[in-house]
Amino acid sequence: MKLATASQMQALDRRAIEEFGIPGIVLMENAGRGTLEFICHELGPVAGRTVVLFIGPGNNGGDALVIARHVHNRGGHPLLFFLVHPDSLRGDAGINVRIVQALDLPSEVVDDDTDPARMREIILHHHARNPVLVMIDGLFGTGLTREIQGRFARVIELINDLSRHAGWPVAAVDIPSGLHADTGQVLGTAVRADLTATYGVAKPAHFLNGAEAVGRLQVIDITIPSRVVAEAGLEGETVGPEIGRLLRPRTPATHKGTYGHLLIVAGSIGKTGAAILSALGGLHSGTGLVSLAVPHGLNPIFETALPEAMSIPLPGSETVPGYEDYDLILEATGGKSALVIGPGLGTDSRTRELVLHLYRDVTLPMVLDADALNILALEPHLIDNPPAPRILTPHPGEMARLTGLSTGAIQADRVGAATFFAGRAGQSEIITVLKGAGTMIGDSRGSWAVNTSGNPGMATGGMGDVLAGLIGGLLAQKYAPWDAARLGVYLHGLAADLLQDRKKVGFTASEVAAMLPEAMTELMAQTSH
Ligand SMILES: NC(=O)C1=CN([C@@H]2O[C@H](COP(=O)(O)OP(=O)(O)OC[C@H]3O[C@@H](n4cnc5c(N)ncnc54)[C@H](O)[C@@H]3O)[C@@H](O)[C@H]2O)[C@@H](O)CC1
Ligand SMILES: [K+]
């Protein structure tokens, strides 16, 4: 599913209006009417029910005014709370407010002195006559630009409180008010919606930090010509089950050589588990062969733990991979199709030299995770223009180190962070997989995608190691880097979702790795391979 930022959405609306002559009032009518259709589909008819609407200062409020009119026409009882004086509404919202005024629907104007307890009383009074079906949040949409304060904040708290205590559902117009459209960041406070109807194209906010405030999402066709959307060159998209179309089914006349050979450089004393987990991710990705280059003193551990993987004992140091091993590793890249480096590596000074040289020299596609990223962060100028595609898989803290930004700044603009290396890769490609709820994948061409699979049970140790191995395994099978990153992230989350669906709490990273083949089968079935 394509995603549009607030300014892209405004450009789409503008083009529909100016070039195609579709009046803005028509778009607003379609938005409001489509939203009510969605609400009735989810919650039942409005006839005989109170629908409480909160109207903000812009066109988001205008959409809610259209809903109020249609609720009235269908025998429902709209109750409106205006957060600005109705006479101050302009443009298409102004036209709709005059219609609503002519209909003489019950309404209240909320100012900074209005007591929320009084609003609650009014709503309960209406509820006693006609039970509330839904509360509609038409406060802010794509026009929210600053922190929410004063009466706006108090009304949002009231909506959330009534939803929690009275159990009335909340439907958001376009975006739950308080979420920044582009980043999903909560600007002060935000409505927690059960349903959200958005218009034309979904926005990043629906899938980023605020995803859980959105509830069930419906994209409403407001008759922006499909050509306008297609020609807009939107760089953002979601990664959902449709990604399964990229999976290539195995054909009978193949052997292990057909599916590539992944080399992993990982593990140091005390951190062998990370290397094992990344190897498991690689093995369960379906790649033909996995070789693990490890310090020779630790080799017996790997030989015992991973019978399916081959190991390459590194002679340089007993316990830590180092630059002494550079020649051997470079030689070992011969005949391999991808390299993963980082899990459990440590940041010893010899390891630093090794990682930086391999990053600059190896002509295989490469995944860099964990300590490899911390090492890269020490020499960030070396990141640009690698000789082959690089996939960096940082969590927000590692991304902060790589970019010199704060973790807060990374989280506040995850799209910006995931595309941080845009334009810096030269002939190759640098892909960033920014982990966390709503993992973001961005590439150096400016494209970005937000993952929709996965669950909070994944916030445990070792998950990232499995992901690095999995993406490496897909690269080894010759999936294009952009596809390997998106497929890897989606499958990893899907495997965890399958575990959770089986009522499993406290699942581990190795269980997620073991679930990957089933996740692949499931995804292939869903996309009718
Ligand atoms: N033609 C269009 O542009 C269409 C727009 N639509 C709706 O219009 C919305 C966008 O409308 P607008 O651009 O008017 O923006 P909004 O309705 O989101 O709100 C913008 C208004 O809120 C004020 N504001 C922003 N942050 C504030 C804060 N923290 N506290 C107090 N006031 C604040 C701004 O000064 C401005 O007056 C969309 O989300 C969608 O719901 C739909 O009707 C479809 C068509
Ligand atoms: K809203």
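The model is predicted; local features require pLDDT of at least 70 and side-chain atom pairs count only at pLDDT 80 or more, while totals for chains, interfaces and linings use all residues. Residues are numbered from 1 along each chain as its sequence is written, and chains are lettered from A and ligands numbered from 1 in the order in which they are written.

An open sheet of seven strands has the order E4-E3-E2-E5-E6-E7-E8, with parallel pairing. Here strands (E, at least two residues) and helices (H or I, at least four residues) are DSSP runs numbered from the N terminus, and two strands pair if DSSP finds at least two bridges between them. On average, neighbouring strands are turned by 20° against each other, direction ignored. Axes are lines fitted to C-alpha atoms, for helices over the stretch in contact, and angles run from 0 to 180 degrees between N-to-C directions. Strands E2 (residues 50–55) and E3 (residues 77–82) are joined in the parallel sense by six bridges, and Phe54 lies opposite Phe81 in E3.

Helix H3 (residues 59–73) packs on this sheet, where it touches E2, E3, E5 (132–138) and E6 (170–173), and its direction makes about 160° with that of E2. Contact requires C-beta atoms, placed from the backbone, within 7 Å. Helix H6 (residues 150–166) lies across E2, E5 and E6 and runs at about 155° to E5.

H3 also contributes five residues, the largest share, to the shell around ligand 1. Of the 27 residues around this ligand, Gly58, Asn59, Asn60, Gly141 and Gly143 come nearest; a residue is near if its C-beta atom, placed from the backbone, lies within 6 Å.

The unreviewed UniProt entry lists Lys435, Gly436, Ala437, Gly438, Thr439 and Gly464 under "binding site"; such annotations may be inferred rather than shown by experiment. These residues span 30 residues in sequence, yet no two of their C-alpha atoms are more than 14.2 Å apart, so they gather at one spot. Lys435 is located in the loop between strand E16 (430–434) and strand E17 (440–443). Lys435 is buried, with 23 C-beta neighbours inside 10 Å, whereas Gly436 has 19 and is partly exposed. The criterion is 20 or more other C-beta atoms within 10 Å for buried, 12 or fewer for exposed, and partly exposed in between.

Key:
Two residues are in contact if their C-beta atoms, placed from the backbone, lie within 7 Å.
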